[in-house]
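Please view the sequence and the structure together, then read the points grouped by topic.

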Amino acid sequence: MRLEGSRFNDTKDYGYEQNLVTNIVEFLWQPGESGYQHVWPDMKLGWQIVVGTIIGFCGAAFGSVGGVGGGGIYVPMLTLIIGFDQKSSTAISKCMIMGAALSSVHYNLKLRHPTMNAPMIDYDLALLIQPMLMLGISIGVIFNVIFPEWIVTILLLVLFLGTSTKAFLKGVETWKKETIMKKEAMRRLESNGAASEVEYRPIPTGPDAIKHIEKHEVTLIENVCWNEFGLLVLVWILFLAIQITKNYYTTTCSTSYWILEGLQIPVALGAGIYEAVSLYKGRRTLSSIGERGTNLSVFQLIIYCFFGVVAGVVGGLLGLGGGFIMGPLFLELGVPPQVSSATATFAMTFSSSMSVVQYYLLKRFPVPYALYFTLVATIAAVVGQHIVRRLIDIFGRASLIIFILASTIFISAVTLGGVGILTMIEKFKSHEYMGFDNLCKYGI
């Protein structure tokens, strides 16, 4: 009897485990089900548009200064205020990021590096990161279609809380260095009997950052590194051609579709490896970090490229600018805050515009709403850049940019995380499907 009882219990436990596994699989994947239904409210003047415009303006102003795009503020605004579903909000957010990035780049093109005789934008750093960023964007957009919102929410909270904490600590460190330098400058002035105000000089970002090179005025044409810029444009055009061909001349998930999807890998790797080899052999340098930019190891270059892909995946998946990853990464490299923001925004211009094309081909957003909020973000970015640069000149605190970066990421974590959690609770209560969607059954 004991033996028979034991067999009965074993059979019962096995059946329970089998049912548990079956229930988990069915929760995550049902081939005929989809958890996505787009919600596009009518475009009419009302309090939603007014409040959304104000929030979007502030988000674009602060996001462009921090070099993060502001997507973490756009998406909750579009979801909670305007009334879009979360995935449509993600797509419109990319349009706003593109507009803000374009106006910020136009503003930064004529500016010079704060401590060296070089452009504000580090074109070689952008060329190293941008191809990987665009590859990651393509992967992230596919994940955006497939992944359920609860997975996106968890990933977002973990990533953003970590990066915002890291950026805040970097800001505190930079603030302390600036305070020390201002006190030293004040002591020198007092010892010389001077009574004038202390002139702001950007802090060094490394042992070789300041070499007291005499700066000279240059024209906009001379301030752009055209070879690197041309390569970046070429990579963008190749990615654009692949996306258009894939979406208009192939069937989703067909053999030709996946062949074209895979062609993005050699394009990105080819451009990234070319730049990495040039940096490793000393033919090119990361001018924004001084002599340390000429002694990069293979491991460092691989890590930078890897984080470029990660930033792209996050951007495509969450509808955010890759600056949420690139900003903290560039600061850890020793890039000055102003250069970090300008370079991250420059790279985001290419990646966000590619995302807009992909989301448009997937019919993920209504064009009138996208055009309106893109215009709002474009204007706000110019205003934000101008005001913060003036504040830096007045207070002598480039660390303001780092604190804006950290604050924007943290606010994004709270708002996006809150929206995601509320959506999860509502779907769970109404017993809606919360598993993965089928990319091959998504209508294009």
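Axes are lines fitted to C-alpha atoms, for helices over the stretch in contact, and angles run from 0 to 180 degrees between N-to-C directions. The model described here is predicted. The points below concern a helix pair, one glutamine and the nonpolar cores.

**Packing of H7 and H8**
- Helix H7 (residues 226-249) packs with H8 at an angle of about 175°, and their axes are 9 Å apart.
- Because angles over 145 degrees count as roughly antiparallel, H7 is roughly antiparallel to H8.
- Residues of H7 in the contact include Leu-231, Phe-239 and Gln-243, while those of H8 include Tyr-257, Gln-264 and Tyr-274.
- By class, this contact has twelve nonpolar, three polar and two charged residues.

**Gln-264**
- Gln-264 lies in helix H8 (residues 255-281).
- With a relative accessible area of 1%, Gln-264 is buried, because buried means under 20%.
- The side chain of Gln-264 forms a polar contact with the side chain of Gln-243, at 2.7 Å.
- Not counting residues up to four places away in sequence, Gln-264 touches Leu-135, Ser-138, Phe-239, Ile-242 and Gln-243.

**Nonpolar cores**
- The largest nonpolar core has 47 residues, of which Phe-239, Met-326, Phe-330 and Phe-346 touch the most other members.
- Helices that each supply at least two residues of this core include H7, H8 and helix H10 (323-333).
- H5 gives the largest share of this core, ten residues.
- Among the residues that Met-326 touches are Ile-129, Leu-133 and Ala-311.
- A second, separate core of 27 residues includes Ala-60, Tyr-74, Val-145 and Ala-380.

Conventions
Residues are numbered from 1 along each chain as its sequence is written. This is a predicted model: local features need pLDDT of at least 70, side-chain atom pairs count only at pLDDT 80 or more; totals for chains, interfaces and linings use all residues. Side-chain values use heavy atoms; hydrogens and water are left out. Helices (H or I, at least four residues) and strands (E, at least two) are DSSP runs, numbered from the N terminus. Buried means under 20% relative accessible area, exposed over 50%, partly exposed in between (1.4 Å probe, protein chains only). A polar contact is a pair of N or O atoms within 3.5 Å; within protein, one must be able to donate a hydrogen and the other to accept it, and residues adjacent in sequence count only if both atoms are side-chain atoms. Contact means heavy atoms within 4.5 Å. Angles under 35 degrees count as roughly parallel, over 145 as roughly antiparallel, 65 to 115 as roughly perpendicular and the rest as oblique. Ala, Val, Leu, Ile, Met, Phe, Trp, Tyr, Cys and Pro count as nonpolar, Asp, Glu, Lys and Arg as charged, and the others, Gly among them, as polar. A nonpolar core is a set of buried Ala, Val, Leu, Ile, Met, Phe, Trp, Tyr and Cys residues joined through side-chain atoms within 4.5 Å.
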